Amino acid sequence: MDQEKSEICNIKVNGTNFEKVDNEMAKKDDSKEKKKLSKRTLKKEHQKELKKDLDLNDHKISTKELEEKYGTSIIQGLTSTRAAEVLARDGLNVLTPFKDTPKIIKFFKQMVGGFSSLLWAGAILCFIAYVIEFSKDNSVSMDNLYLGVVLIIVVILTGMFAYYQEAKSTNIIASFSKMIPRKALVIRDGEKREIPAEELVVGDIVEIKGGDQIPADIRILDSQGCKVDNSSLTGESEPQTRSCHFTHENPLETKNIGFYSTTCLEGTATGIVINTGDRTIIGRIASLASSVGQEKTPIAIEIEHFVHIVAGVAVSIGIVFFIIAICMKYRVLDAVVFLIGIILANVPEGLVAAVTVSLSLTAKRMAKKNCLVKNLEAVETLGSTSIICSDKTGTLTQNRMTVAHLWFDNQIYRADTSEDQKAQSFDQSSATWASLFNIVTLCNRAEFGAGQENVSIMKKIVIGDASETALLKFSGIITDDVIGKRKRNPKVAEIPFNSVNKFQLSIHETDDPNDKRFLLVMKGAPERILEKCSTIMINGQEQPLDESAREAFQTAYMELGGLGERVLGFCHLYLPEDEFPDTYSFDIETMNFPTSDLCFVGLISLIDPPRSTVPDAVIKCRSAGIKVIMVTGDHPITAKAIARSVGIISANSETVEDIAKRLKIPVEQVNKREAKAAVVSGMELKEMSPEQLDELLKNHSEIVFARTSPQQKLIIVEGCQRQDAIVAVTGDGVNDSPALKKANIGIAMGFAGSDAAKNAADMVLLDDNFSSIVTGIEEGRLIFDNMKKIIAFTLTKNIAELCPFLIFIIAGVPLPIGTIAILFIDLGTDVIPSIALAYEKAESDIMNRKPRHKKKDRLVNHQLALYSYLQIGILQSVGGFFAYFTVYAVQGFRPERLLYLRPFWEDNTFNDLEDSYGQEWTKYQRKYLEWTGYTAYFVAVMVQQIADVIIRKTRINSIFQQGLFRNKYIWVGIASQIIIAVILSCGLGSITALNFTTLRIQYWFVAVPYAIIIWLYDEFRKLLVRQYPGSWWDNNMYY
Amino acid sequence: MAALQEKKTCSQRMEEFRHYCWNPDTGQMLGRTLSKWVWISLYYVAFYVVMTGLFALAIYTLMWTIDPYTPDYQDQLKSPGVTLRPDVYGERGLEIFYNVSDNASWKDLTQTLHKFLTAYSPAAQEENINCSSGQYFNQIEFHAPNHTKFSCKFTAEMLQNCSGLTDPNFGFGEGKPCFIIKMNRVSLLRLDSKYIFPPFRQSPQSHSFLPSSALCSKHQIPPTNQDITPPHYSNPLVAAKFLNIPKNKEVIIVCKIIAENVSFDNPHDPYEGKVEFKLKIQK
């Protein structure tokens, strides 16, 4: 048994299509239960396995061993038959598409859970009540049946609406991903052929060149200047060289492995495929994402809490009145029908629709601001976010190397690193700058792609590696004519950059026709360049490179390096005309030209700069009480530098290391409490226990995690969630997808983001802009506040709808309002006003308060429930009853006559019931009066709901502070209330099935005084809350 | 395993609930300390006292504004309802089925009539005055005892052989049953015509009305400006004696008030301005 289990495990971990192939697995009848049981443990183990760092040793072993392991030959490649066998075993070299829930399941999911469950329960109760009543008397009114059907229709329609909304955004996201069939150059049977990349198998020998996407995980066997872009995997923006040397224990760090889906930027390489499809590193990460369970959204939790409250209230009132009914000698079945009726009266039929519509309105608003929400509930999640774990590359930064600083004439100059780099403000008058600019332009192999004359410099596509691209664009900004300059200075010889030399050199003719000298320009690692120099250019004059100059160089180099920037040194030499006449032939093999005693010109440092909008956004997050944590795969120094420049580590806060350096004491002696900031590398994180991580997250407000693996990102997110935080994770790479999935809200980048990231995310930023998140947070917080208002508005009239039934049971009066009229309030007059509340503006600066506490700041707190149910709700009922008593009294039934009249009133055989004036009423005449009562009560509730929607505009401010007319939709809502009521009463008053009658005009105004009282009372409440913050009143009356 | 975990959370939940009910650390019951409960209760008591006051005031004002003698509106009572005695309801309205030879089958029916007519005994009508027929009985002042108005006499005798006095069986035993038709009282009603008759037209001998000539004199109609019905007011009655109802056959009989301002064709209300019943006499 044990053995079998582990086998299943293996299969699950290692492959997906295995089941089809493996005959053993075909015996499916082998107790399904066992399978189910093991599936759960399996999933856990699966995840555990993935959370451990990867165990891969193909990078350590020799090529001989590799050949043996995979049954291949480096020269001949696999044989076709062997390849076919392996293909049959392992399956295609593709990632199993993200397991998308089937549409139909998604659709049904919209209709269960949360509010919907309440409505379903209500519908079932309706049918039960109907059956009970029907079995008693088959001429019973169909109200309960109607109600049940209406409830189901509401659930289904709302579900369809939500499904449609989500499907719409999913489609937009899907349109991003493009499927391009890829080819791979592979050696099989001793010859090179091009095959579709998905047919690659383990053991294949593939060749890659610049521009290719690496088709599988490969162990590099041979490389010529091969550089890859690993940013989607590790977050490093700099190109990484790949060679055949084993350089690091960690497979992610070693240079002799190329990863599936990363791009080869330049050079060529040959490699042996060691993993394909889902077993590649990327594939494992992607499957890790799909195995990570998603947390419930905070709003779902809140709605659940709300449903509990409503259900609790409903059931307890129901039971109390059940007991009362029994004590009043009602028959048990009647009492059960009452019980069900009371529970039903508590179901807020219209709320589901109102909440769904207002969420989707917010989603729409956010989409306009470039936040596309995949899951409606995620709209609010962003608002309650308390920690943002942001990826660096591409999210906080532009994901392109850019010139950040220049050093020449013993001075550091800042370059403009904003997106368009327009404002280059450094001093360009110095002759040194002219020389430096010359070198930058000439000693550069990058070129603009063809046919981009009309594209702005920054948007032009450049062929070449990231640093050269940066330098080319930089010079393109300074002068429009880079290409012309290069043409005027034709290149006669060139040595490209390689990792041994660490410099790049080229020799040009000068553009001065009188100057026949050649110009040798060189750039490279600063210390290497300096070694080759004997002079340094200061203000255009060559000066000997003395100690002080070297020191100045060192200081500048250290300073720029300390900023996390990549520093390049530049030098040149005019070759003497007599030694190197213009016919001289340069030979780069023998290097028949000087490469020492050059003239040092300057340093240029490059960085992947932060997006210009990020610092502002970080400040806003901070003032909104949201902690921004950087989690990146990049190096700590770079990470820290970027963190500082965007404000994740604020200007005056220090890490433990900074303090140690300042006080000149060892790191161990520093009081860790003093350090606000912390930079933690993946290696350190690996050593930490969860408790230590918690400690770290608690004690430092500014944290940067560097060199983290995807698994560690997951651990960090979990750590944050342990602090009861609502965690938002931003990211774009495949490596981010597990964390995106685990987060309460995953935010992927729309442009730069990988499909895996977008699939795992709940939200996509269409403009890749971190600052869009801030807008999202604002909208999320607003909708939370507005949802409180919507719920308060809806709950209030619930009591006004419930009380008639209670009084009907206890005092035996004719029923004041019928089920159909209640439905017309819930799903008619009240719908538009409640949705209109979603448009309400914020009452104060919502970005200046702390994020809500998950457990303390509930959507529906007891203040809200009590105030709505027991104060405004009761007031409304009183108003409604007054209207009810009025219409009965003027027609002949004074209030005292109505008490306990019910048995006679409802008796079909009683056609001469006396009223207070001695008039006698037939059954139908009474019925008609009852409907008039319904209508009067309905109108009274409608009138008071107008007051209610006005008071719900604000929770603390006066209506006049908020502005009565700022939210025009409220007035649309109020107009809709009146129009619907008029139509029902006047137009449809003659349709008996609806139980409405035409009401005399004066009874429309009976409840107006109560509406005014409601408004005055709420203004009074708000005034006291504002005047006495923290008082008893504030604690009990502010919801 | 899973079940075990759930159990744990269940007991935790119970513990949490207990803690919520009584928190010994803060002295909170159900989330509030005792004094806080007192305060909030006091507030609500005060709130509801004010609320009740407001409601009482509103109702008082309402009662004060409406006319104590006549209802303000009679939207539903434009046409009076008509009822029948004896009244036995079946699945669809009034159904009077009985067997002449089976005393028990009509005993209850005659009982109902006797009981109904006790209100019309001379003793019960003693305080009422004799009215001259043919005119509405207008009273403006309250001369009757206890500041009320007078009512006209209507005694069972007026129904002659349907009074139950001469024939305690109301003709049921001989297959010629008496039915008493009563028009509902409606304030301010003025009838322009005064006949009720069943619309089936067999021989003129088929039925007779009692009192013989007319339904009721105008003075018997609840009078104009009459307030809440005078204490001893009794509705005028018409008795219809059916003389030759076909036996062993279900007969539908409709009695209508024929008057210009009374409608009897409300599709929803079978008892407005008319009464319809099924009669089946078995032999």
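Which residues in H33(A) meet residues in H39(A)? The first view gives the answer. The model shown is predicted.

**View 1. Helices H33(A) and H39(A) pack against each other.** Helix H33 of chain A covers residues 862-891. Helix H39 of chain A covers residues 1008-1027. From H33(A), the residues in contact are Tyr867(A), Gln871(A), Ile872(A), Leu875(A), Gln876(A), Val878(A), Gly879(A) and Phe882(A). They meet Tyr1010(A), Ile1013(A), Ile1014(A), Tyr1017(A), Asp1018(A) and Arg1021(A) of H39(A). By class, the residues of this contact divide into 9 nonpolar, 3 polar and 2 charged. The two helices pack at an angle of about 160°, and their axes are 9 Å apart. Because angles over 145 degrees count as roughly antiparallel, H33(A) is roughly antiparallel to H39(A). H33(A) passes H39(A) in a right-handed crossing.

**View 2. Helix H13(A) packs against helix H30(A).** H13(A) is made of residues 332-345. The angle between H13(A) and H30(A) is about 165°, with the axes 9 Å apart. H13(A) is therefore roughly antiparallel to H30(A). The crossing of H13(A) past H30(A) is left-handed. H13(A) brings Phe338(A), Gly341(A), Ile342(A) and Ala345(A) to the contact. H30(A) brings Asn798(A), Glu801(A), Leu802(A), Phe805(A), Leu806(A), Phe808(A) and Ile809(A). Sorted by class, the contact has 8 nonpolar, 2 polar and 1 charged residues.

**View 3. Arg902(A) is a buried arginine in helix H35(A).** Helix H35 of chain A runs over residues 902-905. Is Arg902(A) buried or exposed? Its relative accessibility is 14%, so Arg902(A) counts as buried. Look for its partners beyond four places in sequence: Tyr330(A), Phe338(A), Phe808(A), Gly812(A) and Val813(A).

**View 4. Phe770(A) sits in the largest nonpolar core.** This core has 178 residues. Phe770(A), Ile648(A), Met763(A), Phe893(A) and Phe938(A) touch the most other members. Helix H30(A), residues 770-811, gives the most to the core, with 21 residues. A second, separate core has 39 residues. Among them are Tyr98(B), Leu237(B), Phe242(B) and Ile253(B). Now look around Phe770(A). Setting aside residues up to four places away in sequence, Phe770(A) touches Ile388(A), Ser390(A), Thr395(A), Leu396(A), Val614(A), Ala617(A), Val618(A), Cys621(A), Val628(A) and Leu765(A).

**View 5. Ile970(A) is buried in helix H38(A).** Helix H38 of chain A spans residues 968-987. Ile970(A) has 1% relative accessibility, so it counts as buried. Which residues does Ile970(A) touch, not counting residues up to four places away in sequence? They are Ala836(A), Leu837(A), Glu840(A), Val949(A) and Lys953(A). Trp407(A) is 563 residues from Ile970(A) along the chain, and their C-alpha atoms are separated by 61 Å.

**View 6. Chain A provides the setting for the helix views.** Chain A has 40 helices and 28 strands. Its C-alpha trace spans about 135 × 70 × 60 Å along the principal axes. The chain has 1039 residues, and 57% of them count as buried. Take the contacts in chain A between residues at least 6 apart in sequence: 71% join residues at least 24 apart.

Note on methods. Residues numbered from 1 in each chain as written. Chains lettered and ligands numbered in written order. Predicted model: local features only at pLDDT ≥ 70, side-chain atom pairs only at ≥ 80, totals over all residues. Heavy atoms only, no water. Core = buried A, V, L, I, M, F, W, Y, C linked by side-chain atoms within 4.5 Å. Buried < 20%, exposed > 50% of the residue type's maximum accessible area, 1.4 Å probe, protein only. Helix = DSSP H or I, 4+ residues; strand = E, 2+ residues; numbered from the N terminus. Contact = heavy atoms within 4.5 Å. Axes fitted to C-alpha atoms, helices over the stretch in contact; angles between N-to-C directions. Parallel < 35°, antiparallel > 145°, perpendicular 65-115°, else oblique. Left-handed = near helix turned anticlockwise from the far one by under 90°. Nonpolar A, V, L, I, M, F, W, Y, C, P; charged D, E, K, R; others polar.
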